[in-house]
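Reader: I'd like to learn how to read a few features off a model. Can you take me through them one at a time, general idea before the case?

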Amino acid sequence: MAMFITSQLARGPFDVASKVGLQILLEPQASSVIFRAACGTAGIIYPVYCSFRALENNDPKAKANRDDDEQWLTYWAMYGLFTLVEHTTDNILKHIPYYYHLKFGFLVWLMAPNTKGAHVLYQKAVRPVLRRFQPKLDIIESKVATFAGGVYSVYKVPIDAAVGVVSYGLSQASSGVKWFLSNDAGSADGKTKTQFIKGA
């Protein structure tokens, strides 16, 4: 690889950069790291921001608002289904060369407004199956909700206590981080360092 780069330096830096970049992108081992990061950005970060924008658009009469809501709700449903399939077939998928390249392309197709891939996938494949089994799925969902409600009512006290402990721990950790990052000799709540460390 070093001999290749040095031999190409005579042609100019842009030529070297393009050839090295192309080799990295086409090498499955090296490019999987790049495309994993791209899948996270394309599959989660960008859609989260677009979903935020759709939710914050408060004009109920705007057709674009309804279209955005439908597009991103459909996208998240299809992304969740894809993630479920991906996790169950993970041992097979990791052996497919260029898998993350394909996943990246699929996610872009799924969310792109001009392709409306999520809508197409939902209408052609998922919706017919769900509509066929909807009565049975509604019964299962009702039983699961009843069971979860029963479990919560039996374990309400320990669940609420655990939530309270976690909430208290997070507030203490936040206070500790603020104190640690400050230049002050005291803690964020006015205690001295010694009082803060002892929990007094």
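This is a predicted model: local features need pLDDT of at least 70, side-chain atom pairs count only at pLDDT 80 or more; totals for chains, interfaces and linings use all residues.

Reader: Which helix gives the largest share of the nonpolar patch?

Author: That's helix 7, with 4 residues. The patch sits on the surface and is formed by Phe 147, Val 151, Tyr 152, Val 154, Tyr 155, Ile 159 and Val 163, with about 680 Å² of accessible area together. Helix 7 and helix 8 (156-181) are the elements that give it two or more residues.

Reader: Take Val 154: is it buried or exposed?

Author: The cut-off for exposed is over 50% relative accessible area. Val 154, placed in helix 7, has 60%, so it counts as exposed.

Reader: And a residue in helix 3, Ala 42: buried or exposed?

Author: Buried is under 20%. Ala 42 lies in helix 3 (residues 28-56) and has a relative accessible area of 10%, so it is buried.

Reader: Which residues is Ala 42 in contact with, leaving aside neighbours within four places in sequence?

Author: Those are Pro 47, Tyr 75, Phe 104, Val 108 and Met 111. There's also a C-alpha to C-alpha distance to look at: Ala 42 and Ala 112 are 70 residues apart in sequence and 10.0 Å apart in space.

Reader: Let's do helix 6. What span does it reach, and which of its residues are buried?

Author: First the general idea: an α-helix has 3.6 residues a turn, so residues three or four places apart point the same way. Now the case. Helix 6 has 13 residues and reaches 18 Å from first C-alpha to last, close to the 18 Å expected at 1.5 Å a residue. Its buried residues are Tyr 99, Tyr 100, His 101, Lys 103, Leu 107, Leu 110 and Met 111.

Reader: Now backbone angles. What is phi of Tyr 98, and where does Tyr 98 lie?

Author: Phi of Tyr 98 is near 65°, a positive value in a residue other than glycine. Tyr 98 lies in the loop between helix 5 (90-93) and helix 6 (99-111). With 35% relative accessibility, Tyr 98 counts as partly exposed.

Reader: What about Lys 116: what is its phi, and which loop is it in?

Author: Lys 116 isn't a glycine either, yet its phi is positive, about 50°. You'll find Lys 116 in the loop between helix 6 and helix 7 (117-154). Its relative accessibility is 42%, so Lys 116 counts as partly exposed.

Note on methods: Residues are numbered from 1 along each chain as its sequence is written. Side-chain values use heavy atoms; hydrogens and water are left out. Buried means under 20% relative accessible area, exposed over 50%, partly exposed in between (1.4 Å probe, protein chains only). Patches are made of residues with over 30% relative accessible area and no salt bridge: like charges are joined within 9 Å, nonpolar side chains (Val, Leu, Ile, Met, Phe, Trp, Tyr) within 5 Å. Accessible areas come from the Shrake-Rupley method with a 1.4 Å probe; for residues, only the protein chains shown count as cover. A salt bridge is a side-chain nitrogen of Lys or Arg within 4 Å of a carboxyl oxygen of Asp or Glu. The expected span of a helix is 1.5 Å times one less than its number of residues. Contact means heavy atoms within 4.5 Å.
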